[in-house]
Amino acid sequence: MYYFKTVSVNPKIPDRINRLRELAYNLWFSWTPEATELFKMINTDLWEDVYHNPVKFLLYVHQSDLDAVVNDDVFLEQYDRVLIEYDHYMKDEKWFQREYPNHDGQVISYFSAEFGLHESLPIYSGGLGLLAGDHTKAASDLGLPFVGIGLLYKHGYFTQRINSEGWQQSEYPSLNFSEMPIKPVLDESGKDVIITLEFPGRTIFIKVWKINVGRVNLYMLDADIALNSKEDRMLTAQLYGGGKDMRISQEIILGIGGVKALRALGIKPFAWHINEGHSAFLCLERIREMVSQGVPLATAKEALKSNTLFTTHTPVPAGHDVFDYKMVERYLHHVYAEAGMGRDDFIKLGISEGRDGFNMTVLAMNLAGYTNGVSKLHGRVSRKMFHHIYKSIPLEEVPIDSVTNGVHTKTWLAKNLSDLFNKYIGDNWELNISNEEMWERVENIPNEELWSAHKDLKRVCVEYIRENIKEQRTNNKESIKRIMEVDNFLDPEALTIGFARRFATYKRATLLFRDRERLARLLNNPERPVQIVFAGKAHPADQPGKEFIKAIYDISNEEQFKGKIIFLENYDINMARHLVQGVDVWLNTPRWPMEASGTSGMKAGLNGILNCSVLDGWWPEAYNGQNGFAVGDDKQYPTEEEQDRDDSYYLYSVLEEQLVPSYYERKNGLSPEWVMRMKSCLRSVTWEFSTERMVKDYTNKFYVNCINRGIEFEQNNYEIAAQLKGFKQFVMENWHQAAIQSVKTQTTDEMLVGEELQIDAQVKLGPIWHKDVSVEVICGNEKEGTLQDIKHYPMEHVEQVTEGIHNFRGIVKPRQGTLGYTVRVRPTNPHFAIRFELPLVSWAPNF
């Protein structure tokens, strides 16, 4: 091996169009069709050859092509329009500046193991990365002072190939970052910004890169530099690759290295967002920083919690990263020692009941002031999963909130639908996507125009699919006959179902094949034909997932299914765009309740594609009976086999009795009922499941609170953090004395609507001040021996009876029906972020 340097030799961009390079290095182009059109106008074939990568395009475009467009008035007019739009986007006041002018410039940092931004940057795996990419784009659109931190993977995730026998094969191409829309970050002297991390027995050097995403900067960390050993250069080689040592190393680079990178760049975040547990070690580094500055450990933890948000995306215990205690000690002993913690103190922060090992989700939950799931159902599932941490608290009050995911509308919306929106909803609809009322104007779109736009997209999609299959078979050196027969695959007029997502087994890609004869009748009906397109990657180590792919491939080659069932290789953002814009139905069959959210269905929905889905993840919030189809019941089954059996029967029935008839009931060339459903889908999905709505929710519920609390807790040398630490310590030491001694009511078991229920309680608090607790009446529906749909009513302090004994009174007007009620006391403090920040509670005995 020998040393060499690289140099990129570019054609000279004429001065008149020299800002093309600026556009190429800002991902804004990826959600602005007029900008991408500029590159296609220069050389359409090259644009496809470089796979829509504008940086690579400008590196390899012929000088003559550039010189030619300088004399093309049509091109120059579009170039000028695009630059005007770009400059307005980058400089104009946005939502955040209008709503929170006092917080402009107070940085919100967002840590994620992957970012899915565009096919020209293949450093993502699936839903988590795409969500992070869409989150970042919406933060830019809304003008948030936002930065992202991620890892730069030399080989990305992997390139999927399906061989001639139907088996997934994984390829790991080396990405050439000098040909991608990303640049190294340079210091004042023009040198690369490099940070260092201490690993067992050695120092790791990390290079920092920057991706421009509209107005937002993403900083990506890269270990593949000459200062590191060959083995250490591989630490950022592959997303979700390698064993536990590789995973913990990557998470140290992301979490600890991410904090160090921000410090090296002079960026001081006011709010910290941990997107999934991979980056939770940032909490350890931030504590270490504060302790090294003389802040006591317990105070540092309170300061950390004040401005930290954790989002969990995983609805099953096995999905959370767990590391062996000895591994954690080997990699992190020096960091937690510098943070003032012993081994046992640190390990305790990541212990999860029932699972041996150090749990990254538990670490994040213990050190973040706020935690949320990514749909309402996922919030409920997460509260149940982690109820063991808050045993004395009712399940529904476990402090895990939810913000339902969304998708970046302009990234995923087809241009011809965007044109319809401009025409019938208004030119500036994209400036206020989350305005529910505005989307009622969808009804103004003539049925014929909406249907015509959809049919055009479907033809484009079918052609794209055929080309993909041809390329796959050509690469596999299959016969000319096998390649040419693809021209007859798929009928653009037939009902087309899409199923494209990660091929984890719980997503049940093969559920539709449980009754092959019934499926064959459905697909081969000459009057009402149906066809299904599958795509998705199984993790290279997931053999059952790969066997699902193999099974679908084999079935697709059976004579009765040939040309009607398709499996596409190498699912990525470009393929996803074609599918979510061009099929008729988006199928989703996860095993309930294992889907945290599921954003691919949202992408389909904003294009008027109807979802046919199990009522899991986001779909229970979206489904209204008209905007798609529901499959199965939202209930637990004794066995997976029973659940699969029932859900498959339900799915066949929905297809046969509702979905297919609705599609083929035609009048004047279209189905009035189907178009009505498409419009219902556009009205309900587009605004509510946009990342504009989602990021506004994060801002209003969490980010601004984190900023305010972080500032407050840091003032006067962390005075409030220290006070809150002292308060919690005092209450915990004395809570054993807190008890509801008696409860009296002045009513029988029967009341009339509107009557008041008076409740008096005598509460023992010992040395705890009565204003440091909240005594509450709790009302709810009685179910399975507990109270649900809880409402709480504060009781007023009446008097101190004797030292440590107090009387409280509450007046409640119960709602109609049969209710249960009781009394409880819990600690409270004006500086708590959430009700049960200190998860202590004493309940009334029998009364």
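Where is Pro593 found? Pro593 sits in the loop between strand E19 (585-588) and helix H24 (600-605), with helices (H or I, at least four residues) and strands (E, at least two) taken as DSSP runs numbered from the N terminus. The peptide bond from Trp592 to Pro593 is cis, with omega near 0°. This is a predicted model, in which local features need pLDDT of at least 70 and side-chain atom pairs count only at pLDDT 80 or more, while totals for chains, interfaces and linings use all residues. Residues are numbered from 1 along each chain as its sequence is written, and side-chain values use heavy atoms, with hydrogens and water left out.

Most residues other than glycine have a negative phi, and most peptide bonds are trans. Arg508 has a positive phi, near 55°, and lies in the loop between strand E16 (495-500) and helix H21 (516-523). Arg508 counts as buried at 3% relative accessibility (buried is under 20% relative accessible area, exposed over 50%, partly exposed in between; 1.4 Å probe, protein chains only). Asn668 also has a phi near 55°, but counts as exposed, at 78%.

As for rings, the structure holds 38 aromatic pairs (Phe, Tyr and Trp, the last by its six-membered ring, with centres within 6.5 Å; planes under 30 degrees apart are stacked, over 60 edge-to-face, the rest tilted). Phe199 and Tyr331 make an edge-to-face pair, their centres 6.0 Å apart and their planes at 90°. Phe199 belongs to strand E6 and Tyr331 to helix H13, so this pair ties together parts that are 132 residues apart in sequence.
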